[in-house]
Amino acid sequence: MLAARRLTAIAVAAAITVFAVAPATAPAADAAPAIQFSYVQYNSPGSDRGGNTSLNGEYITIKNRSTVAKSLKGWTVRDVANHVYRFGSFTLKPGASVTLYTGKGTNTASKRYWGQSWYIWNNDGDTAILKNASGTRIDTCSWGSSGSAKRC
Ligand SMILES: [Ca+2]
Ligand SMILES: [Ca+2]
């Protein structure tokens with residue numbers, strides 16, 4: 001009985017040691033995220049008059065760079081002025097991309113529509129922020145006052 005109890009104590013101690021050591025040997029926390037912004041067209045082509053076609057000429061694309069499908073349910077895309085788009089049930093396959101359009105439209109496996117009636121991304125500089133369902137910042141994409149699109 002005593003021996004068994006002692007062995008249990010040793011096993012628990014060993015488990016605690018492994019647990020304590022694990023973080024140091026785990027992969028770097030700042031490794032590139034699996035889900036990232038890949039491209040943004042912040043200045044819709046032509047005059048920004050607010051028609052739906054023009055609003056959908058403004059978009060941002062998110063890519064799954066990992067080799068496994070990822071659920072984006074509850075994930076958000078926002079600008080610095082806190083306009084927030086939240087994904088409903090949505091899964092991004094390995095290597096696949098989803099484009100979030102500012103205007104209205106019918107959602108598909110690769111297209112999502114924010115449903116806004118005015119532009120979100122400032123032509124003269126802005127930052128897009130991607131957060132996961134628990135609110136952790138996963139990626140950002142920033143641009144300045146020149147050009148109309150950018151690879152993130
Ligand atoms: Ca814009
Ligand atoms: Ca424009």
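**Note on a predicted protein model with two open sheets**

1. Within the sheet that holds S7 and S8, these two strands run parallel and are joined by three bridges. Two strands are said to pair if DSSP finds at least two bridges between them. Helices (H or I, at least four residues) and strands (E, at least two) are DSSP runs, numbered from the N terminus.

2. The model is predicted: local features need pLDDT of at least 70, side-chain atom pairs count only at pLDDT 80 or more, and totals for chains, interfaces and linings use all residues. Residues are numbered from 1 along each chain as its sequence is written, while chains are lettered from A and ligands numbered from 1 in the order in which they are written.

3. pLDDT is the predictor's confidence in each residue, from 0 to 100. Its mean over the protein is 87, and 80% of the residues reach 70 or more. Over residues 6–27, however, pLDDT stays under 50, and the model has zero contacts beyond four places in sequence for this stretch. Two residues are in contact if their C-beta atoms, placed from the backbone, lie within 7 Å.

4. The secondary structure consists of two helices and eleven strands. Along the sequence, these elements follow the pattern α-β-α-β-β-β-β-β-β-β-β-β-β. Of the contacts with a separation of 6 or more, 57% are between residues 24 or more positions apart.

5. S7 and S8 belong to an open sheet of five strands, ordered S8-S7-S2-S1-S11, in which the pairing is mixed. Its edge strands, S8 (111–113) and S11 (149–151), each pair on one side only. From one strand to the next, the twist averages 25°. For such angles, axes are lines fitted to C-alpha atoms (for helices, over the stretch in contact), and the angles run from 0 to 180 degrees between N-to-C directions.

6. S1 (residues 35–41) and S2 (residues 59–64) run antiparallel and are joined by six bridges; glutamine 41 stands opposite tyrosine 59 in S2. S2 is likewise antiparallel to S7 (residues 97–101), with five bridges between them. Here isoleucine 60 stands opposite leucine 100 in S7.

7. The pairings of S9 may be followed on both sides. S4 (residues 76–78) and S9 are antiparallel over three bridges, and threonine 76 has lysine 131 of S9 as its bridge partner. S9 and S10 also run antiparallel, joined by six bridges. Their facing residues include threonine 127 with serine 142 and leucine 130 with aspartate 139. S9 and S10 form a hairpin with five residues between them, and glycine 135 in the turn has a positive phi of about 85°.

8. A residue is buried if 20 or more other C-beta atoms lie within 10 Å of its own, exposed if 12 or fewer, and partly exposed in between, with C-beta atoms placed from the backbone. Of the 152 residues, 18% count as buried. A nonpolar core is a set of buried Ala, Val, Leu, Ile, Met, Phe, Trp, Tyr and Cys residues joined through C-beta atoms within 7 Å. The largest such core has 21 residues, of which Phe37, Val40, Ile60, Leu100 and Ala128 touch the most other members. S1, S2, S7, S9 (126–131) and S10 (137–143) each supply at least two residues of this core. Beyond its neighbours within four places in sequence, valine 40 is in contact with several residues, among them Ile60, Trp121, Ala128 and Trp143.

9. The loop between S4 and S5 (84–86) holds asparagine 82. This residue has a positive phi of about 70° although it is not a glycine. Asparagine 82 counts as exposed because it has 7 C-beta neighbours inside 10 Å. Alanine 81 lies in the loop between S4 and S5 as well, and is also exposed, with 9 other C-beta atoms within 10 Å. The C-alpha atoms of alanine 81 and isoleucine 120 are 9.0 Å apart in space, although the two residues are 39 residues apart in sequence.
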